[in-house]
2 protein chains.
Amino acid sequence: MTGTGRTVGIVGLGLIGGSLAQALVARGVAVVATTRAASTRRAAAEAGVAVVEEVAEVVGEADLVVLATPLSAMADHLARVGAALPEGPQAPTVTDVGSVKGPLAVSSLSLGDPSVFVGGHPMAGTEAVGWPAADPHLFEGRRWAVAVDPPVALGRWAEVADLAIAAGSEVVPVEAAAHDQAVALVSHLPYAVAALAAGRLVDDGVAGLARSLAAGSFGDLTRVAGGHPSLGAEMATANAPALRPQLEALADDLRALAAALDARADDVAAVFASGRAGRDALDEARRAVLVPTEASMGRTDLVALGRRGGRVVAVAPAAPDVERLDVVVLDPGGSGG
Amino acid sequence: MTGTGRTVGIVGLGLIGGSLAQALVARGVAVVATTRAASTRRAAAEAGVAVVEEVAEVVGEADLVVLATPLSAMADHLARVGAALPEGPQAPTVTDVGSVKGPLAVSSLSLGDPSVFVGGHPMAGTEAVGWPAADPHLFEGRRWAVAVDPPVALGRWAEVADLAIAAGSEVVPVEAAAHDQAVALVSHLPYAVAALAAGRLVDDGVAGLARSLAAGSFGDLTRVAGGHPSLGAEMATANAPALRPQLEALADDLRALAAALDARADDVAAVFASGRAGRDALDEARRAVLVPTEASMGRTDLVALGRRGGRVVAVAPAAPDVERLDVVVLDPGGSGG
């Protein structure tokens, strides 16, 4: 963290909260946290985390509070944090690590000062869960979405971005709604498809033979179905408004392809050519080497940067109510659409 | 190969044909082959393959002929092989490596003696193509489906199974129709879904942001979309009758999940629980340690073995018209459905 001497509070020490705690402790940042399981409390204390009993204690001691509970418990915990928040600029900034950003942004409007809340989403995680699976290197080289919608205070956005960067990630500025649409496509749809396809191996008429013949492509398709099923169900439900059109669009595409198989060879070829183009675009976006560039950016600049695939890799501390931030960005240029 | 002193003929020296040629040469088996590209002819000759001009020459010199052309060219090449085949038991056995088994089985009925043709499908391959990507270890530890439908002569089936085993694979006995159904689910459906999902990264409204936020799950889902698009289109078209119901069933499932997102939490949970069960079944099938067991098997025994996920790992040579084969099998038992 560029702001030394600060304390980060973490509510929940599972895979994400635990990994963040370990990453921050390793960088010499003070961490205060609360979690339920006694075994995790002991392990976290041994790892250098100041473990406390109540959410209110975390809020009282931290300059920045991170909600790292399961998605379904986020709104409750945000309310508890809100009840403990002091008023005014000395109130800590509050963020979260949930994979859906819209609903909690709505919940945050009930806070006394909604501008203290900045939604976040590290694009990291494994099929493993809990503190024993935590890894201080989990966030290194990953993207971390940070929501910049009004009424977020830009200086508080900078604090959360700085936290993500300190953990090793590149920050993607997002609007909550666009984030939820994008992850519906690139995260929640893959989980749903993996579950539906893998489920066929239980009840399909040729399931025994199919399991025997399954090779790389089916293994790739269904890999994330091996995670905890409640995680997939929770993400799908929480992001229902954005996921539903993605599910329906893929269903339409599958039916169109099925209809084209008979006679329309050009339409079939177009599906696979478009898939290759999309995959190439993904690979190119990953491989692109961008030169870090200094910039001064307001809210709309940040949103546009994120939309075209750009990231923030450094940000200067700023007062909460500034209009622009001094940042260092990786910017692919173009429209990104 | 257990039958020493035999010659294997290969038509087409791309990834699969080339890899097989290299695997056989490495085991001291004589290989005669034909292919179009001059650079491949030179490279294959240097690697110890007897390269000839015509398919008829391959048929004249080989005890076992392997068709390893692209799927769309298989039927033409089978006809050329058929025109060169001598009559009677001295005719070489003919097999192929195509990913769809039904159509070529139908084509084989036009041969003078259809019992010489035994369809095969090694479950191996990469996104790479051509002789330069060939690898003599490509088939090691893989499954290789070998079709045992009438009028296949069981002794000729044993020859093809022995070839697959010599290349390092375990043999899955299949009926052509069940094979095509199974691979529609575990291979052709994943290619179609990967292409459709990856295509969204070109034209989706949040494509730039989505590319930026895409992490492991989307990368897994779309990996095979990075291969040559004509391969996916060719497989989908060739296996249309079996793939169509899989595409339509997944479309139905996606729509049902979309509808359940609103209110039916139990239905959503059931989708992800079923997916986990299917993935677990796949992983367990892969991990199962089976003791090799000697058996005497007729055609129906072999079909049942394949249906329950079993494989043949050794087979004794036999006259073409035997009713049973002496085999060593890995047999998971149970019904396999």
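Predicted model: local features only at pLDDT ≥ 70, side-chain atom pairs only at ≥ 80, totals over all residues.
Leaving aside residues up to four places away in sequence, A:His77 touches A:Val11, A:Val55, A:Leu67 and A:Thr69.

On the chain B side, 91 residues are in contact with chain A, and 91 residues of chain A take part in turn. Together, chain A and chain B bury about 8400 Å² between them. Carbon and sulfur atoms account for 67% of that buried area.

Charged partners also join the two chains. How many salt bridges are there between chain B and chain A? The count is eight. One that you can look up in the structure pairs B:Arg223 with A:Asp220, where the closest N and O atoms are 3.4 Å apart. Polar contacts can be counted too: across the interface of chain B and chain A there are 32 residue pairs in polar contact, with both residues at pLDDT 80 or more.

Which part of chain B gives the most to the side that touches chain A? That is helix 7 of chain B, residues 176-203, which provides 19 residues. Sorted by class, the side of chain B that touches chain A is made up of 51 nonpolar, 23 polar and 17 charged residues.

Notes. Residues numbered from 1 in each chain as written. Chains lettered and ligands numbered in written order. Heavy atoms only, no water. Contact = heavy atoms within 4.5 Å. Buried area = accessible area lost by both parts, 1.4 Å probe. Salt bridge = Lys/Arg side-chain N within 4 Å of Asp/Glu carboxyl O. Polar contact = N/O pair within 3.5 Å; in protein donor to acceptor, adjacent residues only side chain to side chain. Helix = DSSP H or I, 4+ residues; strand = E, 2+ residues; numbered from the N terminus. Nonpolar A, V, L, I, M, F, W, Y, C, P; charged D, E, K, R; others polar.
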